[in-house]
Amino acid sequence: MGIILKPIDVVDDITQEEFIRKYLKPRKPVVIKNMAKKWPAYQKWTMDYMKEVVGDVEVPLYDSSKADPSAPINASAAKMKFGDYIDLIRREPTDLRIFLFDPIKYAPKLLEDYISPKELMGGFLDKYPNMFFGGKGSVTFLHFDIDMAHIFHTHFNGRKHILLFDYKWRERLYQIPYATYALEDYDIEHPDFTKFPALDGVEGIECFLEHGDTLFMPTGWWHWMKYLDGSFSISLRAWDKSWAVKAHSLWNLTVQRKFDDIMKSRFRKKYMDWKEKIAIKRAELALKRGLPK
């Protein structure tokens, strides 16, 4: 059977009424083709332009290696000047990524180049939204966003392959306890169902983004991303109206994260090994029980 992937809904444009009815309320992803075409960024945000306006800022880089249990969360693998990194991803494939970078702090004029889609919904959070840069072949591991926000993710200067999974599949995806990511020992693109049987039959959505495409990812959706070209994206985040979702976000960001940090600092590999065993047990139990239903 394998992982069952359906193509994502794609629209050129969408009204607020249709967006709320078809995608926001049912929390269903969609790609909007023309939204960013109204932004100055659609024409302006080339690799050369980003290099010019951000300058020689040193940025942390992340690779595809498995997380070190002794390292702080989001610890970087290396550092490089932003301009040198742009040259690198234009020149050759690399698994190095810039994760949660905020170039707008260094180049405030970038604020003039995009428009939050307030005509579709409210609750946008960031004065300085995060951006993500990756070389050809680099991968963002399977996870969901810790703050449980809705995400409008717009891509520039290349292509990106994305797999999406509803939050209800979290146990079958081998979610690590006290974390928002999955077991890193399998390749979701080419899974080994003998070693990871709970993945067999998981249902998801497949998406390919090109320059200017905007992906709406509702709260809690798991996502895996692969850069097919050296390219970059910006994510605009918005609150869900549900107080239950906001409470979940607060729990993730405070109690859960703090507890996890303490346990990692005290027990390191022993704690991480325990978490991985629990993830496997939960996945196998969910499979046995036929979850989710």
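A nonpolar core is a set of buried Ala, Val, Leu, Ile, Met, Phe, Trp, Tyr and Cys residues joined through side-chain atoms within 4.5 Å. Buried here means under 20% relative accessible area, with exposed being over 50% and partly exposed in between (1.4 Å probe, protein chains only). The model is a predicted one, so local features need pLDDT of at least 70 and side-chain atom pairs count only at pLDDT 80 or more, while totals for chains, interfaces and linings use all residues. Residues are numbered from 1 along each chain as its sequence is written, and side-chain values use heavy atoms, leaving out hydrogens and water.

With that in place, the largest nonpolar core turns out to have 44 residues, and W45 and F133 have the most contacts inside it. Setting aside residues up to four places away in sequence, W45 is in contact (heavy atoms within 4.5 Å) with M50, L110, D113, Y114, M131, F156, N157, F232 and I234. Another core, of 26 residues, lies apart from that one and includes I3, L199, W222 and A279. In soluble globular proteins, nonpolar side chains tend to be buried together.

Next come the charged pairs. The structure holds 17 salt bridges, each being a side-chain nitrogen of Lys or Arg within 4 Å of a carboxyl oxygen of Asp or Glu. One of them joins K33 to D213, with the closest N and O atoms 3.1 Å apart. This pair links distant parts of the chain, 180 residues apart: K33 sits in the loop between β3 (30-32) and α2 (41-44), and D213 in the loop between β11 (203-209) and β12 (214-217). Helices (H or I, at least four residues) and strands (E, at least two) are DSSP runs, numbered from the N terminus. K33 is partly exposed at 23% relative accessibility, whereas D213 is buried at 3%.

Another bridge pairs D48 with R90, and here the closest N and O atoms are 2.6 Å apart. Since D48 belongs to helix α3 (residues 47-54) and R90 to helix α4 (residues 82-91), the bridge ties together parts 42 residues apart in sequence. D48 is partly exposed, at 49% relative accessible area, and R90 is partly exposed too, at 40%. Both belong to a salt-bridge network that links D48, K51, D87 and R90.

D273 is partly exposed at 30%, while K269 is exposed at 55%.

Helix α5 also holds N252, a buried residue with a relative accessible area of 2%. Its side chain reaches the backbone oxygen of I146 at 3.1 Å. Beyond four places in sequence, N252 touches F144, I146, M148 and R257.

H143, in strand β8 (residues 139-143), is buried as well, at 11%. The side chain of H143 reaches the backbone oxygen of F141 at 2.7 Å.

Technical notes
Polar contact = N/O pair within 3.5 Å; in protein donor to acceptor, adjacent residues only side chain to side chain.
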